[in-house]
Each structure stands twice: as structure tokens, then as C-alpha cells.
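Keep the picture open as you work, and try each task before you look at its solution.

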Amino acid sequence: MDATAPTTAATPTAFDPKEFRRALGMFATGVTIVTTTAPDGAPIGVTANSFNSVSLDPPMVLWSLANNARSLEAFSESTHWNVHILSNEQEALSNRFARAGEDKFNGLAMDTQPSGAPLLPGCSARFQCKTAFKYEGGDHTIFVGEVVQYDSCAVPPLVYVTGGYALAARKAAPVSTEPLAQLDGAVYSENLLGYLFGRAHFQFLHGIRGTLQAKQLSDTDFFVLSLLSVRQPLAVPEIAAHIAYTGIDSSAASLQSLVQRGLLEQEAGGLRLSAAGTDAILHVLAAAKSVEADLVDRMGEMESAALRNLLKQAILATDPGLPKLWQAPAPRDA
Ligand SMILES: Cc1cc2nc3c(=O)[nH]c(=O)nc-3n(C[C@H](O)[C@H](O)[C@H](O)COP(=O)(O)O)c2cc1C
């Protein structure tokens, strides 16, 4: 058979390339950067999700590179290459190595590389490989490598699925979809998001209730003090605008009680934490950090990263238009 014949000639139907890609995208993968060194010594790297394990003994892996990739020649001529399994914090690096022609290694810190191929730090795992086989694979070249060295670290990996980056989370024990309650024909199950949000919120807060009580802080006090620990001073209407979504009383009178108890101080720009207020909220935040550490410990780093991501999405999707708390404030009018 003519090795250069287009592969489509052998396919039973003419695939729509977009649809074919979409179908392939249903297969969730990790994301890797594969690096090598060009004959002139230049570092070479490319983002690839075609990576897969091949053999345990001998240890072998594979990946495939498009025949029109600029890096093809370097990989074809090199005897060693390194596969980096990217962590969930290396999305920008993935994008950088997916752009052709850029000086991909510019400003990047590198670990020392005994094989000669660049070794990037901060990854979930790395495999240093020696080329074992090369195969033609349609419009790609398949590289099979023998793993000569590897290391891994408990940083959650980055995932790629349906054409976008994702985070992995292990599935919890199956959540019942059986209706738990039926009221006038309306059916509620354990999967009701409102129930899950509410219960998770209160169970989390339960862990800091003791500290709130010891510091004689109500929920209102807690919200106001923690708001000012992020940004201060804030005028009364600004505080109200920030915490109105909680439905708690943020009237001037309730804020005044925090001033009277010596937790807040009034200054020209608005209210700010006093030394006692700072001390109180630091204790509560320390308790919250400890509850969080316990939660992350029980759930795992990977699930915690996925949970943070999903909570941010839910907050964005339900945002009533709150002032941005975590961004630098707009300059005040003179
Ligand atoms: C998540 C992701 C996975 C990719 N996987 C591959 C792959 O497995 N093989 C490939 O040839 N290109 C893949 N690419 C595209 C290459 O990274 C891209 O074409 C890159 O520009 C090639 O670099 P080069 O032209 O400098 O060789 C992927 C891109 C992304 C964003």
C-alpha cells in the first residue's frame, strides 16, 4: 500500500472533521508538555494531550505529533524527550506551548536535565524518555518512548475534555436521585442544589460557631468584620451594598453597636477595624482556616480545587450585581 495515500481514502464514510473532533473530545485526557532539545541546542516544547501509557514492563509511553508541527524535525532527530503532566495551575503554560513560533521557554525556570531535554518544574508528574519507536499515524507521527526516569507530586492534574480545560474530582458515593419528599405534587430529592448549598454552608459555619460565641460576635458582626478585613475603610452605604445579599441587618444602628463595643472606629473615609476588631476577626479567620484545612484533608486537594472552581461558577451565575470585593477599588471622587 502507498504509505503516502491520504487516510480518508480508507475511511468508510467521509467524516466531518469538526464532528469527528467533537466526538474525540468526549474522551477526557490530561494535558502534557513534551520537551526535547534541537540539534543546535535550542529547547523545544509542545502541548500534547495524545499522551498515553503503553507498557509497565518495560515502562513505555506514547504520544503523537502533527506532521505539520514546527517541532517535528527536532523530535524526529532527538533520542530523548520529557513528558510533563501539567498541574491544574499550569493552564497558562499549556496555552503558551500550544502557540507555534513563540519563544516558549522565555523566562521559564528549569530544573537540571540529565538527559539534555528541558525539565519543567511544578508538574503533577514527569517522565524522562528515550525514543524506542516511531510510527506513521496518518497526519501525525507516533512517538513511543521507554521511560528512564520519572517523578510525581500530589498536585491535582489539569484535565482536557470537550475542547476545554477541566478539573477532576473523584465521584462521591452515588447521591440518591430517589425523591425524598413530596409536597402537593412537588418532589424534592437529595440532589436539590439549594439543599446541598444550604447544608454545606451551615455545616461549614458550624465549625466556627464556638469562636464566634467566645468573641461574642453575631452573624452580622462576623460579616461586617470580615468584609472590613478585606477592604477598609468603608462608608455605611458601601457596607450595606456589600452584604445586602445575605439578608442580614446592616443598618447604621447595627453598625453603631460595633463602634460602641470598640470593634470598629469611625474615620473620615468610613468605618475601619479597631485593634480589638482586628484581633476578633483574626481569631475567627484562624478558626475558618482550620475548618477549611480539615475539609481539604477529608475531601482531597483535587476535589477541593474542583469545588472552589464550581462554587465560583455558581457565585458568578447567581451574582445579583455585588460590588467587586476582591478587586482594587475604583478611585474615590475627590
Ligand atoms: C490541550 C491541547 C492538546 C494538544 N495536543 C496535541 C497533540 O497531542 N499533538 C499535536 O501535534 N498537537 C497538539 N496540540 C496542538 C499543539 O500544541 C500546537 O499545534 C503547537 O503549536 C505545536 O507547536 P509547534 O508548531 O511549535 O511544534 C494540542 C494543543 C492543546 C491546547
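**Exercise 1. Which residues is Gln90 in contact with, leaving aside its neighbours within four places in sequence?**

Solution. Contact means heavy atoms within 4.5 Å. Gln90 is in contact with Ile85, Pro121, Gly122, Cys123 and Leu158. Next, locate Gln90: its place is the loop between β6 (80-85) and α3 (91-97). Helices (H or I, at least four residues) and strands (E, at least two) are DSSP runs, numbered from the N terminus. Finally, Gln90 counts as buried, at 8% relative accessibility. Buried means under 20% relative accessible area, exposed over 50%, and partly exposed in between (1.4 Å probe, protein chains only).

Before going on, a word about the model: it is predicted, so local features need pLDDT of at least 70 and side-chain atom pairs count only at pLDDT 80 or more, while totals for chains, interfaces and linings use all residues. Residues are numbered from 1 along each chain as its sequence is written, and side-chain values use heavy atoms, with hydrogens and water left out.

**Exercise 2. What does the count of disulfides come to?**

Solution. A disulfide is a covalent bond between the sulfur atoms of two cysteines. The rule here asks for a pair of cysteine sulfur atoms within 2.5 Å. By this rule the count is 0. Take Cys123: the nearest cysteine sulfur belongs to Cys153 and lies 8.9 Å away. Cys123 is buried, at a relative accessible area of 7%. Now take Cys129: its nearest cysteine sulfur, that of Cys123, is 13 Å away. Cys129 is buried too, with a relative accessible area of 1%.

**Exercise 3. How many residues does helix α8 have, and which of them are buried?**

Solution. Helix α8 covers residues 275-299, which gives 25 residues. From its first C-alpha to its last it reaches 36 Å, close to the 36 Å expected at 1.5 Å a residue. The expected span is 1.5 Å times one less than the number of residues. The buried residues of α8 are Gly277, Ala280, Ile281, Val284, Ala287, Ala288, Val291 and Val296. Their cover includes α4 (193-214), α5 (219-230), β14 (270-273) and α9 (301-318). After α8 comes Gly300, whose phi is positive, near 100°.

**Exercise 4. At what angle do α5 and α8 pack?**

Solution. The angle is about 100°, and the axes are 10 Å apart. Axes are lines fitted to C-alpha atoms, for helices over the stretch in contact, and angles run from 0 to 180 degrees between N-to-C directions. Angles under 35 degrees count as roughly parallel, over 145 as roughly antiparallel, 65 to 115 as roughly perpendicular and the rest as oblique. Therefore α5 and α8 are roughly perpendicular to each other. On the α5 side, the contact is made by Phe222, Leu225, Ser226 and Ser229. On the α8 side, Gly277, Ala280, Ile281, Val284 and Leu285 take part.

**Exercise 5. Where is Leu273, and what does Leu273 touch?**

Solution. Leu273 has its place in strand β14. Leu273 is buried, with a relative accessible area of 9%. Not counting residues up to four places away in sequence, Leu273 touches several residues, among them Leu225, Ser229, Thr278 and Ile281. Look at Ser229: Leu273 and Ser229 are 44 residues apart in sequence, yet 7.5 Å apart in space, C-alpha to C-alpha.
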